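I opened the notebook to go through this structure from the contact between its chains to the fold of one of them. My entries follow in the order in which I looked things up.

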Amino acid sequence: MTSIVDSLVKSFSSFNLDIAVLLPVITLIGGTVIFLIMAVNALIAVYFERKISAFMQDRLGPMEVGIFGFKGGKKFWGGIGQTLADAIKLLVKEDILPNNADKFLMILAPFIIFTGAFLTFIGLPFAQNIVISDFNIGIFYIFAMSSIGVIGVILAGWSSNNKWSLYGSMRAAAQIISYEIPIGLSLLLVVLVAGSLHLGDIVQWQADHRWFIFHSPFTFLAFFIFYISTIAETNRTPFDIPEAESELVAGWMTEYSGFRWALFFLSEYANMLIVSIVASIVFLGGWLSPLQIFNIFPDSWLILDGPAIGLFWVLFKAVILIFIMMWFRWTFPRLRVDQLMYLCWKVFIPFALANLFLVSLWELIF
Amino acid sequence: MYQDFLPIIIFTVLAAVLIGVPLGLQYLLSPRKNKGGDKLISYECGELPEGSAWVKFNIRFYVIALVFLIFDVEIVFLFPWAVVFQDLGLLAFIEAFIFVLILVVGFIYVWAKGDLDWVKMNVRYGKGRYANLQSKGETS
């Protein structure tokens, strides 16, 4: 596994350019591409979230705003320009910072949340060789960087000087840090079995043996603990207590408006993409084709295994996981705070610890 | 090797630029003149806000943060252990078992004290305003 920056540096090295110039330039281009991926991901995900929720509730969803003359109306692609229009609307909104807020921290908070999500993408492989920087501690880096966002959440809630914001941010912080423990313990199992923190090695192990979700009953359980905990970590509905519209207005985002508020949404949808890609790489075989696990297909079909199609498989698995998150939203009612803490501390953590014990025993015996 | 970690610095700077450009665009496009008056008061469902929002809040959050810190440090210690687990075998298993067991004892203690419950329904020595929370019979 080589990173995209390394391979570009290598391919440009024939022009005799100084590496001190070449490397930052290539990284800047990569960063801009990542930002575009985040923006496009948010645009598409918001549109599909609205459409999917509309179809699940037997209504039509957005159907008025078209793009390039495709209005659509009641057709399934109706209102395809809705999120783009929303983004433009947010750009021309008045930027309000309340009088008695801590203005410096209030401006800093969206930046920290956005940076946390943005930096996580550095170590996140989209396919075998499509990664900005190929860390040998990849999974640990992602685990560390994805928890930066909680600092921004606390800052946003505290600096707003609003009771809803403060309470929402404290709930969010308690929830996010609590659910980090089951996530860490579940990832630990995979590291223990694969014997490496490098995401490429973890997928290679799955190519040599089998997908982690099918490896043993404990890793199967670990996948579900991981997945449900990541839904809580990204503050999605059954676990959206910090933002609970019906009780806390909008939680820690109450005082934000315009583009600063849009940054929170951008980061939330980016986090959804991150956790789905991590789940698909770590537990669901990453860029390996699912056709491989059933041996009924002829060998010629395994052309769907190549590195070029790897990007498709990673995104395919991630999109399915994101779809299930949206499905959850319209299936389960919101939990109460005490139920949320009960689920984390008294169900997931004991199970994850027992899982760790049993899987290391399993690895010793087999 | 250090080249792998260079993008972190570059991305942090880039993130500031990528946020700054749309914020500047918003500054140019959005209305600025009609700011003022009641619009800049903290939102409290249409009422005038009562005092500052920087108030005392539930001690629960602190307990959760404290327990989290211990678990998080434990996970950080276990990551290197997990990498070499296959090489060390039984020795690594026993070492980590003792290490985690010490933590689990503390975890059971916190659980038994009821600090993992969001709402503590019983206290052991309820006095004054907490007298009605005095747990009946079995504990005290």
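This is a predicted model: local features need pLDDT of at least 70, side-chain atom pairs count only at pLDDT 80 or more; totals for chains, interfaces and linings use all residues.

Entry one, the contact between the chains. I found 53 residues of chain B in contact with 60 residues of chain A. I then asked which helices of chain B each supply at least two residues of the side that touches chain A. They are α1 (2–29), α2 (60–83), α3 (85–88) and α4 (90–113) of chain B. I noted that α1(B) gives the most to this side, with 18 residues. I also sorted the residues of the side of chain B that touches chain A by type: 39 are nonpolar, eight are polar and six are charged.

Entry two, the make-up of chain A. I looked up the secondary structure and got 13 helices and zero strands for chain A. Read from the N terminus, the elements of chain A therefore run α-α-α-α-α-α-α-α-α-α-α-α-α, and chain A is as compact as a globular protein of its length, because its radius of gyration of 22 Å is close to the 21 Å that the globule rule gives for 366 residues.

I asked what share of the 366 residues in chain A is buried. Buried residues make up 52% of them. Last, I looked at contacts in chain A between residues at least 6 apart in sequence, and 75% of these join residues at least 24 apart.

Conventions
Residues are numbered from 1 along each chain as its sequence is written. Chains are lettered from A and ligands numbered from 1 in the order in which they are written. Helices (H or I, at least four residues) and strands (E, at least two) are DSSP runs, numbered from the N terminus. The radius of gyration is taken over C-alpha atoms; the globule rule is 2.2 Å times the number of residues to the power 0.38. A residue is buried if 20 or more other C-beta atoms lie within 10 Å of its own, exposed if 12 or fewer, and partly exposed in between; C-beta atoms are placed from the backbone. Two residues are in contact if their C-beta atoms, placed from the backbone, lie within 7 Å. Ala, Val, Leu, Ile, Met, Phe, Trp, Tyr, Cys and Pro count as nonpolar, Asp, Glu, Lys and Arg as charged, and the others, Gly among them, as polar.
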